[in-house]
Amino acid sequence: MAELASSGDTPFLVKNGTFQSSQHSSALLERVGGQEAIFSLTNSFYERAFKDSHFPQFVRDQGEAHGHRLGLWIIQKMSGANVWSLSLETREEISHKLGNGQMHAVRDRSSAHVAAWYSTKRQPENIGKRFKLEDCRVWLRMFFWAARDVGLLNDAQFSDWLTRFLGHFIAVYERTATLFVRDSLRWSDDKEAVQNYLDNGRVMEDVFNLRFSEALLQLPENERNSQFPYND
């Protein structure tokens with residue numbers, strides 16, 4: 001077992017590479033406002049993401065309860081209560097045609113991500129491609145921006161925990177994206193950068209069409225080859 005301490009008294013806990021909820025994360029959830037606070041964050045995130053120029057291509061139906069589902073998943077991770085897992089038992093299975101012409105049933109996070117990769121809204125040459133670094137950076141910036149605007153990043157311990165939490169899980173989709181989590185957090189606090197994004201038609205020009213070596217140069221040197229979120 002490895003207990004990976006974050007700042008203050010709220011450790012970020014991982015066992016054998018797998019994230020673990022703990023009494024500390026459960027207490028942190030209650031301290032920042034419980035389920036209501038998390039739903040406020042996730043709903044705000046999707047409101048912003050659906051207005052973004054890049055993100056909507058991955059979502060078939062914006063009318064579904066995306067914010068609620070993501071909120072339940074985070075709540076389960078923090079509290080240890082099986083609220084998200086139980087919700088899958090009653091979730092309606094939706095089948096639809098993918099960009100490759102095949103029918104696909106969406107029932108959970110994994111199948112939803114497959115649907116996103118094969119979305120008919122993507123450019124034909126991109127259908128079936130998994131999330132890339134640029135996709136993850138857009139997602140992370142939107143998420144931190146929402147968290148900041150609903151006030152959750154005002155709590156230093158929650159901000160540190162959330163940054164490490166996202167650093168751990170974003171690697172599932174793109175391993176290199178972990179290095180850019182703290183950069184995304186800083187972006188959300190840069191009023192000029194956010195305003196430039198809005199003025200530019202909600203396009204994050206600085207994350208697209210970069211080789212990995214070029215993207216790395218956007219980071220402070222000490223973040224380009226780090227052990228975040230575990231040892232930094």
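**Close-up views**

**View A. P229 lies in the segment that follows α10 (212-216).** The peptide bond joining F228 to P229 is cis, and its omega is near 10°. Most peptide bonds are trans, and most residues other than glycine have a negative phi. Helices (H or I, at least four residues) and strands (E, at least two) are DSSP runs numbered from the N terminus. The model is predicted, so local features need pLDDT of at least 70 and side-chain atom pairs count only at pLDDT 80 or more, while totals for chains, interfaces and linings use all residues. Residues are numbered from 1 along each chain as its sequence is written, and side-chain values use heavy atoms, with hydrogens and water left out.

**View B. R202 is in the loop between α9 (191-199) and α10.** Phi of R202 is positive, at about 60°, although R202 is not a glycine. R202 is partly exposed, with a relative accessible area of 23%; here buried means under 20%, exposed over 50% and partly exposed in between (1.4 Å probe, protein chains only).

**View C. N209 also has its place in the loop between α9 and α10.** Its phi is near 60°, a positive value in a residue other than glycine. N209 is exposed, and its relative accessible area is 73%.

**View D. R211 is found in the loop between α9 and α10.** R211 has a relative accessible area of 56% and is exposed. In sequence R211 and L133 are 78 residues apart, while their C-alpha atoms lie 9.8 Å apart in space.

**View E. P124 is placed in the loop between α5 (109-117) and α6.** With a relative accessible area of 64%, P124 is exposed. A distance of 7.8 Å separates the C-alpha atoms of P124 and G99, which are 25 residues apart along the chain.

**View F. Helix α6 (residues 133-149) packs with helix α8 (residues 181-188) at an angle of about 45°, the axes being 8 Å apart.** That angle makes α6 oblique to α8. Angles under 35 degrees count as roughly parallel, over 145 as roughly antiparallel, 65 to 115 as roughly perpendicular and the rest as oblique. Axes are lines fitted to C-alpha atoms, for helices over the stretch in contact, with angles running from 0 to 180 degrees between N-to-C directions. The crossing of α6 and α8 is right-handed; a crossing is right-handed if the near helix is turned clockwise from the far one by less than a right angle, and left-handed if anticlockwise. On the α6 side the contact holds R137, L140, R141, M142, F144, W145 and R148, and these meet V181, D183, S184, L185, W187 and S188 of α8. The residues of this contact divide into seven nonpolar, two polar and four charged. Contact means heavy atoms within 4.5 Å. Ala, Val, Leu, Ile, Met, Phe, Trp, Tyr, Cys and Pro count as nonpolar, Asp, Glu, Lys and Arg as charged, and the others, Gly among them, as polar.

**View G. Helix α1 (residues 23-31) and helix α7 (residues 156-170) cross at roughly 125°, and their axes come within 10 Å.** The two helices, α1 and α7, are therefore oblique to each other. In this crossing α1 passes α7 in a left-handed sense. S25, L28 and R31 of α1 make the contact with Q157, F158 and W161 of α7. By class, the residues of the contact of α1 with α7 are three nonpolar, two polar and one charged.

**View H. Ring pairs link F12, F19, W73, F158, W161, F165 and F169 into a cluster.** Rings of Phe, Tyr and Trp (its six-membered ring) pair if their centres lie within 6.5 Å; planes under 30 degrees apart count as stacked, over 60 as edge-to-face and the rest as tilted. By this rule the count comes to 24 aromatic pairs. One of them is the edge-to-face pair of F19 and W161, at 6.1 Å centre to centre with 70° between the planes. This pair links distant parts of the chain, with F19 in strand β3 (residues 18-19) and W161 in helix α7, 142 residues apart. F19 and W161 are both buried.

**View I. F45 and F55 form an edge-to-face aromatic pair, 5.9 Å centre to centre and with 80° between the planes.** F45 lies in helix α2 (residues 34-49) and F55 in the loop between α2 and α3 (66-79), so the pair ties together parts ten residues apart in sequence. Both F45 and F55 are buried.
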